Amino acid sequence: MSDATLSGATAPATAAKPVAFRGGGFAPRPHRWVGFVVFVVLILIAEWGTRAGWISALTLPKPSDVLATFGELYQSGMLFKHLGPSLARLFVGALFGVTVGVSVGVLIGLFSYVRAGAVPLVAALFPIPKIALLPLFVIWFGIGEGSKYALIAFGTFTPTVVATYGAVDNVDRTLIRMGQSFGLSWWSIVRKIVLPGAMPGILSGLRISLAIAIILLVAAEMLGAEYGIGAYILQAGSLYDLERLFAGVVILSVLGVVVSALIGLIERRVLGWRT
Amino acid sequence: MDIRLDGISHSYDGVAVMNDITLDIPAGRIVCIVGPSGCGKSTLLRFIGGLERPGQGRISQIGEPPEGCLNPLTYIFQDFALLPWRTVEGNISLVLEDHGIKGARAREIIGDVLARTKLTDFAKALPKQLSGGMKQRVAIARALAVNPAVMLMDEPLSALDSQTRELLMDDLISLWSRQPFTAVYVTHNLNEAVRLGHQIVVLSRRPGRIQEVVTIDKPLDQRQFGDPDLDEKQKYLWQLMRDEARAADAELINV
Ligand SMILES: Nc1ncnc2c1ncn2[C@@H]1O[C@H](COP(=O)(O)OP(=O)(O)O)[C@@H](O)[C@H]1O
Ligand SMILES: [Mg+2]
């Protein structure tokens with residue numbers, strides 16, 4: 001019997017067929033250049049379309065014109081005059097919102113009374129469009145920087161809380177039991193086991209929070225801002241100056257990509273232990 | 001330091017899981033607890049280590065833990081419970097930091113326990129780089145670092161393949177022979193029980209009661225793989241357990 005199958009290769013009746021491959025996939029690998037190529041191709045198509053005329057100048061500005069506007073902005077020194085205050089607002093607001101958000105999230109994760117009290121509150125705050133509250137913040141914190149920080153802080157706070165307490169819930173309980181069984185103090189367990197264990201979830205929440213912060217930056221600069229990327233975009237928008245509008249939008253996109261890359265960098269440094 | 005269990009009973013949500021367990025754990029001996037799954041072995045071990053409170057009964061320690069003992073009752077878990085973000089060294093230093101042991105003294109202790117568990121070359125490795133057997137050796141090293149009076153081991157070798165298990169049993173025996181420690185060793189593997197146990201406590205199915213305590217007098221370092229005396233004991237244990245195990249297996253799990 002086994003002889004027959006072994007010599008089967010010589011028998012024409014049982015033709016050998018390679019086993020079809022059906023594994024693979026579902027394992028994303030980094031191909032950094034692909035994203036870059038997608039950008040370049042889209043921009044080239046837009047350039048071609050606007051030059052050839054099958055995209056009208058009212059639909060989309062010429063990418064090369066946008067670039068020229070951007071160059072002007074850079075040369076006149078206005079770029080940094082706008083970028084500086086925006087980055088400061090983003091940094092202060094997000095830092096505040098994320099710090100408070102992570103703290104509240106950890107408390108919700110650790111104490112059942114805090115959870116019972118705060119989770120419904122967070123659920124009530126989450127769906128409020130924060131932009132709608134801008135006038136309120138202006139009354140509370142003034143038309144200056146205060147209301148802008150508050151809007152960005154508030155906007156980053158809720159998603160950070162939700163991501164953080166979810167992450168704390170997902171920390172391996174056996175590790176916490178282990179800490180207790182070795183007599184670690186409560187504070188040591190939180191600092192050395194709960195927080196590092198929650199870090200992956202907190203960082204992926206941070207990605208979302210910071211994207212929201214950039215969105216809210218523009219909203220925050222709608223009222224009482226002379227300089228800032230948002231102010232620049234809004235001015236251009238009200239004048240239907242599409243080149244400047246797009247130059248501003250590109251700056252925001254680049255900001256988003258940079259923030260996302262920074263978080264990726266932090267993840268690679270801090271989460272190298274993950275399998 | 002001895003441990004005494006006195007009339008321990010417990011139920012979860014009205015379901016009795018153990019019934020009137022009275023047991024002495026003498027210093028310097030390894031007491032194995034065997035029993036069908038769900039009979040309350042892990043629960044009993046959590047009671048002994050103070051991670052949970054029994055419904056009835058008392059657990060007392062008799063005598064003081066030896067000098068220099070940082071954590072008298074120390075666990076070794078089935079799933080290792082290593083912090084994946086800390087190196088081998090860092091995982092051991094974790095349990096020293098809270099006792100204020102840092103710097104040179106910590107390095108000395110870590111060096112010593114790593115040498116005893118043959119892990120010196122892996123001090124800087126992360127858990128993800130280690131095999132299962134090595135992870136459990138790290139957990140053993142971590143337990144040794146706090147100089148425990150009693151080691152509480154919950155199926156420490158059950159997540160490992162049988163060859164690794166043999167190797168680690170040899171390691172445990174040589175550790176014990178060099179410096180006898182007290183241990184409560186929970187397992188469902190009767191072979192481990194007869195190789196490592198001075199006393200083997202057989203529990204009935206849920207609610208767990210002590211069915212019999214089997215004593216093996218042969219010194220640990222003379223118990224070889226495939227020893228006929230041990231096989232005899234193992235067969236006897238299996239006879240004790242077979243009907244219980246079958247009944248436990250056929251029970252509905254009403255959790
Ligand atoms: N925290 C708990 N809550 C409710 N029931 C539990 C809990 N822990 C264990 N049990 C139940 O108690 C019984 C004994 O569990 P366990 O001690 O884990 O058994 P073993 O380790 O012997 O397999 C099982 O029926 C289990 O379902
Ligand atoms: Mg168990």
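The model shown in every view is predicted.

View 1. On the side of chain B that touches chain A, the elements that give two or more residues are strand 5 (73-76), helix 2 (88-97) and helix 4 (132-145) of chain B. The residues on that side of chain B divide into 14 nonpolar, three polar and six charged. The count of salt bridges between chain B and chain A is two, and the side chains of Glu97(B) and Lys192(A) meet in a salt bridge with an N to O distance of 2.8 Å.

**View 2. The area buried between chain B and chain A.** In this predicted model, 23 residues of chain B are in contact with 19 residues of chain A. Together the two chains bury about 1,800 Å² between them, and 68% of that area is on carbon and sulfur atoms. Of the area that chain B buries against chain A, Trp85(B), Asp98(B) and Lys128(B) supply 35%, which is more than any other three residues.

**View 3. The second largest pocket and the residues of chain A at its centre.** The second largest pocket has a volume of about 660 Å³. Of the 19 residues that line this pocket, Phe39(A), Ile43(A), Val66(A), Phe246(A) and Val250(A) are the closest to its centre. Helix 2 (32-52), helix 3 (63-75) and helix 11 (242-270) of chain A each supply at least two residues of the lining, and helix 11 of chain A gives the most, with seven residues. By residue class, the lining of the second largest pocket divides into 16 nonpolar, two polar and one charged.

**View 4. Backbone details in two loops of chain B.** In the loop between strand 8 (199-203) and strand 9 (210-215) of chain B lies Pro207(B), which is joined to Arg206(B) by a cis peptide bond with omega of about -5°. Another loop of chain B, between strand 1 (2-12) and strand 2 (15-25), holds Asp13(B). The phi of Asp13(B) is near 45°, a positive value in a residue other than glycine.

Key. Residues are numbered from 1 along each chain as its sequence is written. Chains are lettered from A and ligands numbered from 1 in the order in which they are written. This is a predicted model: local features need pLDDT of at least 70, side-chain atom pairs count only at pLDDT 80 or more; totals for chains, interfaces and linings use all residues. Side-chain values use heavy atoms; hydrogens and water are left out. Contact means heavy atoms within 4.5 Å. Buried area is the accessible area (1.4 Å probe) that two parts lose on being put together, summed over both. A salt bridge is a side-chain nitrogen of Lys or Arg within 4 Å of a carboxyl oxygen of Asp or Glu. Helices (H or I, at least four residues) and strands (E, at least two) are DSSP runs, numbered from the N terminus. Ala, Val, Leu, Ile, Met, Phe, Trp, Tyr, Cys and Pro count as nonpolar, Asp, Glu, Lys and Arg as charged, and the others, Gly among them, as polar. On a 1 Å grid over the protein atoms alone, a cavity is a set of points where a 1.4 Å probe fits but cannot get out, and a pocket is an open set with protein on both sides within 12 Å along at least five of seven lines; lining residues have an atom within 4 Å of a point. Grid points are joined across faces, edges and corners, and a volume is the space filled by probe spheres set on the points.
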